[in-house]
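This report describes the pockets, the nonpolar core and the salt bridges of one protein model. The sequence and structure are shown first.

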Amino acid sequence: MVSLLKRRMRIGYSIAIKLIDELERCRLIGTYRDDKPREVYLSHLQLMRSLKS
């Protein structure tokens, strides 16, 4: 997910990690579990709206 943010938003690793941590803290995405993908609790559109606010 970090790589996706880096590519799509054209940001560095440290900023992408901070965004992931914030999304997890706000319970918009699930926690990291080994090699399994994180659960996303919102649709793509809702997630983008949350990032803008």
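The model is predicted: local features need pLDDT of at least 70, side-chain atom pairs count only at pLDDT 80 or more, and totals for chains, interfaces and linings use all residues. Residues are numbered from 1 along each chain as its sequence is written, and side-chain values use heavy atoms, with hydrogens and water left out.

**Pockets**

A pocket is an open set of points on a 1 Å grid over the protein atoms alone, where a 1.4 Å probe fits, with protein on both sides within 12 Å along at least five of seven lines; its lining residues have an atom within 4 Å of a point. The volume is the space filled by probe spheres set on the points, which are joined across faces, edges and corners.

The largest pocket holds about 230 Å³ of space. Its lining consists of Met1, Leu4, Leu5, Arg8, Met9, Ile20, Leu23, His44, Leu47, Met48 and Leu51. At least two lining residues come from each of the helices α1 (2-9), α2 (13-25) and α3 (44-52); helices are DSSP runs (H or I, at least four residues), numbered from the N terminus. By class, this lining has 9 nonpolar residues, 1 polar and 1 charged. Here Ala, Val, Leu, Ile, Met, Phe, Trp, Tyr, Cys and Pro count as nonpolar, Asp, Glu, Lys and Arg as charged, and the others, Gly among them, as polar.

The second largest pocket has a volume of about 160 Å³. It is lined by Met1, Val2, Ile17, Ile20, Asp21, Tyr32, Lys36, Pro37 and Arg38. Helix α2 provides the largest share of this lining, 3 residues. The lining contains 6 nonpolar and 3 charged residues, with no polar ones.

**Nonpolar core**

A nonpolar core is a set of buried Ala, Val, Leu, Ile, Met, Phe, Trp, Tyr and Cys residues joined through side-chain atoms within 4.5 Å. Buried means under 20% relative accessible area, exposed over 50%, and partly exposed in between (1.4 Å probe, protein chains only). The largest such core has 8 residues, namely Val2, Leu5, Ala16, Ile20, Leu23, Leu28, Ile29 and Leu47. Helices α1 and α2 are the elements that give two or more residues to this core, and the largest share, 3 residues, comes from α2.

Ile29 has contacts (heavy atoms within 4.5 Å) with Met1, Ile20, Leu23, Glu24, Arg38, Glu39, Val40 and Tyr41, leaving aside residues up to four places away in sequence.

**Salt bridges**

A salt bridge is a side-chain nitrogen of Lys or Arg within 4 Å of a carboxyl oxygen of Asp or Glu. By this rule the model has 3 salt bridges.

| Pair | N to O distance |
|---|---|
| Glu22 and Arg25 | 2.5 Å |
| Glu24 and Arg38 | 2.8 Å |
| Glu39 and Arg33 | 4.0 Å |

Glu24 lies in helix α2 and Arg38 in the loop between α2 and α3, so this pair ties together parts that are 14 residues apart in sequence. Glu24 is partly exposed, with a relative accessible area of 25%, and Arg38 is partly exposed at 22%.

Glu22 and Arg25, by contrast, both lie in helix α2, 3 residues apart, about one turn of the helix. Glu22 counts as partly exposed because its relative accessibility is 35%, whereas Arg25, at 58%, counts as exposed.

In the remaining pair, Glu39 is partly exposed at 43% relative accessibility, and Arg33 is partly exposed at 38%.
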